[in-house]
Amino acid sequence: FFGILFSVLFACKKDKPEQSAQPNISIGTGGVYITNEGNFLFGNAGVSYYDQTQSAVTEDLFQPANNRLLGDVCQSMCLFNGKAYLVINNSNKIEVVNPNTFVSSAIITGFISPRYFLPVSNNKAYVTELTSNNIAIVDLSNNIIKGYIPCAGWTEELISAYGKVYVTNQRRDKVYVINASADMLTDSIPVGYASNSIKEDKNGKLWVLCGGSQTNNINASLHRINPLTNHVEQSFWFPDLNQHPWRLDINGTNDTLYFLNNGVYRMPINSATLPVAPFISQNGNNFYGLGIDPVNSIIYVADAVDYVQKGVIYRYKADGTFINKFLAGIIPGDFYFK
């Protein structure tokens with residue numbers, strides 16, 4: 001979605017890897033899904049798949065399986081109970097597909113601008129929204145919206161902890177707390193402005209990354225929340241008003257944070273200070289997406305290039321050593337590990 005702000009009609013070509021032929025693979029063998037936003041209003045979103053054992057990439061899973069395009073801006077994806085839920089922002093829908101065949105079994109409609117999907121029980125999920133000032137409550141048995149939780153602003157990533165759901169908000173300086181049993185907003189936690197991503201560490205603490213606002217003279221920040229008390233235990237403020245970190249992620253052992261900030265940064269959860277230099281330098285690329293394989297700790301970084309060409313995926317070992325790169329779809333944004 002953010003890529004539309006920077007899309008251009010003409011762009012310089014960069015040296016990029018050759019695209020391998022679409023292999024005949026079994027998606028169930030393991031690997032990583034890559035959501036590609038596509039160009040705003042072009043309807044060319046897609047989901048790629050990388051087979052780690054074969055080092056082979058399938059550029060698009062959805063169109064060949066369904067004989068139609070996925071839609072406009074693939075924002076996010078969630079794997080749950082043997083299904084994959086594809087959140088298509090500007091098409092105002094969620095496609096429900098078989099994660100092994102990618103054949104669609106249902107379409108959930110009625111959204112205004114859906115962002116992220118979180119199951120809160122076997123039969124219920126929450127979906128955040130960009131412009132509706134509501135969080136949608138989805139009945140997973142019937143694949144329909146059954147209600148809403150009012151929450152003003154641009155709600156973004158969300159996470160469950162101790163029977164509660166914590167929701168970030170790109171237009172506020174708070175993280176919102178929902179009672180998942182009552183479907184009710186019960187609390188708000190003051191953090192920095194424009195919280196965009198949230199992760200849980202090995203100690204059960206929640207980490208929230210906030211992008212700040214140059215317009216409002218508010219620096220970016222990182223906060224650790226104790227979900228038992230809903231209090232912020234520690235805050236880190238970025239020194240430069242021009243910094244806008246995002247894409248917070250955590251490794252498989254849940255003890256090291258990663259995020260994008262014109263490069264890939266990493267930070268142990270017990271660190272007393274923010275990292276001052278990138279762990280992986282951007283080197284003129286346009287880092288746009290980040291994922292950490294929870295099993296082998298391989299780091300995946302998406303380069304959106306110029307938001308027009310196919311994006312490039314870079315893979316690194318846990319120590320930052322470069323492994324390889326390959327092409328994905330247009331504006332690759334996130335990674336989901338099978």
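This is a predicted model: local features need pLDDT of at least 70, side-chain atom pairs count only at pLDDT 80 or more; totals for chains, interfaces and linings use all residues.
Local features need pLDDT of at least 70, side-chain atom pairs count only at pLDDT 80 or more, and totals for chains, interfaces and linings use all residues. Residues are numbered from 1 along each chain as its sequence is written, and side-chain values use heavy atoms, without hydrogens and water.

**View 1. Glu95 and Arg68 form a salt bridge.** Side chains of opposite charge can pair when their charged atoms come close. A salt bridge here is a side-chain nitrogen of Lys or Arg within 4 Å of a carboxyl oxygen of Asp or Glu. For Glu95 and Arg68, the N to O distance is 2.8 Å. Glu95 sits in strand β6 (residues 93-97) and Arg68 in the loop between α1 (62-66) and β4 (74-80), so the pair ties together parts 27 residues apart in sequence. Helices (H or I, at least four residues) and strands (E, at least two) are DSSP runs, numbered from the N terminus. Glu95 is buried, at 0% relative accessibility. Arg68 is partly exposed, at 30%. Buried means under 20% relative accessible area, exposed over 50%, and partly exposed in between (1.4 Å probe, protein chains only).

**View 2. Asp183 pairs with Lys124 in a salt bridge.** Their closest N and O atoms are 2.8 Å apart. Asp183 lies in the loop between β14 (174-179) and β15 (184-190), and Lys124 in strand β9 (residues 124-129), 59 residues apart. Lys124 is buried, at 10% relative accessible area.

**View 3. Asp173 meets Lys174 in a salt bridge.** The closest N and O atoms are 3.2 Å apart. Asp173 is partly exposed, at 35% relative accessibility. Lys174 is also partly exposed, at 27%.
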